[in-house]
Amino acid sequence: MKLTKGRAFALWALLLLLAVIAGGRTWYTLEMTPQDTAVILQAFDGFTTYAYLTPVLLLIASQSLFFFFSTKKIQMVVGALGAATSFALSMAVLLELQAQNISSLGKAVETATGIAATHGIDGVTVITEISGYLTVAALLFFAGAQVATILAVKSWPVRTSRTERKPAEAGEPEDTISLWDSQR
């Protein structure tokens with residue numbers, strides 16, 4: 001199957017939409033176990049946990065639109081930068097997920113537990129949900145799709161410049177019936 005411009009655009013849109021949807025889902029759940037009963041304190045999505053996720057996804061989306069409306073030389077540069085950005089974002093998010101870094105949620109954790117973070121919070125378990133890993137997978141597939149598209153751009157047809165049509169020369173109507181017909 002040949003990767004045409006329309007298919008590439010649809011694939012990019014689908015993968016970026018998947019990354020945005022997964023980014024808005026629950027990534028972390030805070031849980032306490034008082035008296036042998038698990039209690040969910042609060043759940044956090046990716047956009048709340050990592051503030052850099054939204055602007056970088058918007059950058060990738062704008063880069064994608066720019067890619068499809070530019071010339072081939074510019075597409076190569078913009079596509080390479082976009083693939084590098086997508087890959088770098090996926091690696092940054094993966095490292096954050098592996099470390100369960102919820103340091104940006106300090107105030108929300110204090111509110112949920114009622115204990116100041118400076119006193120130390122014991123008994124709170126951080127559960128990593130699958131949505132974060134879905135975001136990483138979508139971004140990695142997106143970077144791969146960008147690289148495949150960069151390689152396929154060479155085979156896309158070049159848009160030809162439009163030529164101007166010469167208007168038909170209308171002669172003077174010779175009789176009243178011709179004049180009537182030309183005015184309709």
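The following exercises, with worked solutions, concern a predicted model of a protein chain.

**Exercise 1. The overall fold**

Determine how many helices and strands the protein chain has, and in which order the elements run.

*Solution.* 
Step 1. The secondary structure consists of seven helices and three strands.
Step 2. Read from the N terminus, the order of these elements is α-β-β-α-α-α-α-β-α-α.
Step 3. The chain has 184 residues, of which 30% count as buried.
Step 4. Among contacts with a separation of 6 or more, 73% are between residues 24 or more positions apart.

**Exercise 2. The largest nonpolar core**

Identify which residues of the largest nonpolar core touch the most other members, and which element gives the largest share of this core.

*Solution.* 
Step 1. The core comprises 29 residues, and those that touch the most other members are Trp27, Leu57, Phe67, Leu89, Val93 and Trp156.
Step 2. Two or more core residues come from each of helix 1 (5–24), strand 1 (26–32), helix 3 (53–68), helix 4 (72–99) and helix 6 (131–152).
Step 3. Helix 6 provides the largest share, with six residues.

**Exercise 3. Helix 1 against helix 6**

Decide whether helix 1 is roughly parallel or roughly antiparallel to helix 6, and describe the residues of their contact.

*Solution.* 
Step 1. Two packed helices are described by the angle between their axes and the distance between the axes.
Step 2. For helix 1 and helix 6 the angle is about 160°, and the axes are 8 Å apart.
Step 3. Angles over 145 degrees count as roughly antiparallel, and helix 1 is therefore roughly antiparallel to helix 6.
Step 4. The crossing of the two helices is left-handed.
Step 5. On the side of helix 1, the contact involves Ala8, Leu11, Trp12, Leu15, Leu16, Leu18, Ala19, Ala22 and Gly23. Helix 6 meets them with Ser131, Leu134, Thr135, Ala138, Leu139, Phe141, Phe142, Ala145, Gln146 and Thr149.
Step 6. By class, the residues of this contact are 14 nonpolar, five polar and no charged.

**Exercise 4. Helix 3 against its two partners**

*Solution.* 
Step 1. The axes of helix 3 and helix 6 come within 13 Å and cross at roughly 20°.
Step 2. Helix 3 passes helix 6 in a left-handed crossing.
Step 3. Leu57, Ile60, Gln63, Ser64 and Phe67 of helix 3 make this contact with Leu139, Phe142, Gln146 and Thr149 of helix 6. The residues divide into five nonpolar, four polar and no charged.
Step 4. Helix 1 and helix 3 pack at about 170°, with axes 11 Å apart.
Step 5. Helix 1 takes part through Lys5, Ala8, Phe9, Trp12, Leu16, Ala19, Val20 and Gly23. Helix 3 takes part through Leu53, Leu57, Ile60, Ala61, Gln63, Ser64, Leu65, Phe67 and Phe68.
Step 6. The class count is 13 nonpolar, three polar and one charged.

**Exercise 5. Two loop residues**

State where Gln100 and Ser155 are placed, and what the phi of Gln100 is.

*Solution.* 
Step 1. Gln100 lies in the loop between helix 4 and helix 5 (106–113).
Step 2. Most residues other than glycine have a negative phi. Gln100 is not a glycine, yet its phi is positive, at about 50°.
Step 3. Its relative accessibility is 32%, and Gln100 therefore counts as partly exposed.
Step 4. Ser155 occupies the loop between helix 6 and helix 7 (176–182). With a relative accessible area of 39%, Ser155 is partly exposed.
Step 5. Ser155 and Leu3 are 152 residues apart in sequence, and their C-alpha atoms are 9.2 Å apart.

Methods
Residues numbered from 1 in each chain as written. Predicted model: local features only at pLDDT ≥ 70, side-chain atom pairs only at ≥ 80, totals over all residues. Heavy atoms only, no water. Core = buried A, V, L, I, M, F, W, Y, C linked by side-chain atoms within 4.5 Å. Buried < 20%, exposed > 50% of the residue type's maximum accessible area, 1.4 Å probe, protein only. Helix = DSSP H or I, 4+ residues; strand = E, 2+ residues; numbered from the N terminus. Axes fitted to C-alpha atoms, helices over the stretch in contact; angles between N-to-C directions. Parallel < 35°, antiparallel > 145°, perpendicular 65-115°, else oblique. Left-handed = near helix turned anticlockwise from the far one by under 90°. Contact = heavy atoms within 4.5 Å. Nonpolar A, V, L, I, M, F, W, Y, C, P; charged D, E, K, R; others polar.
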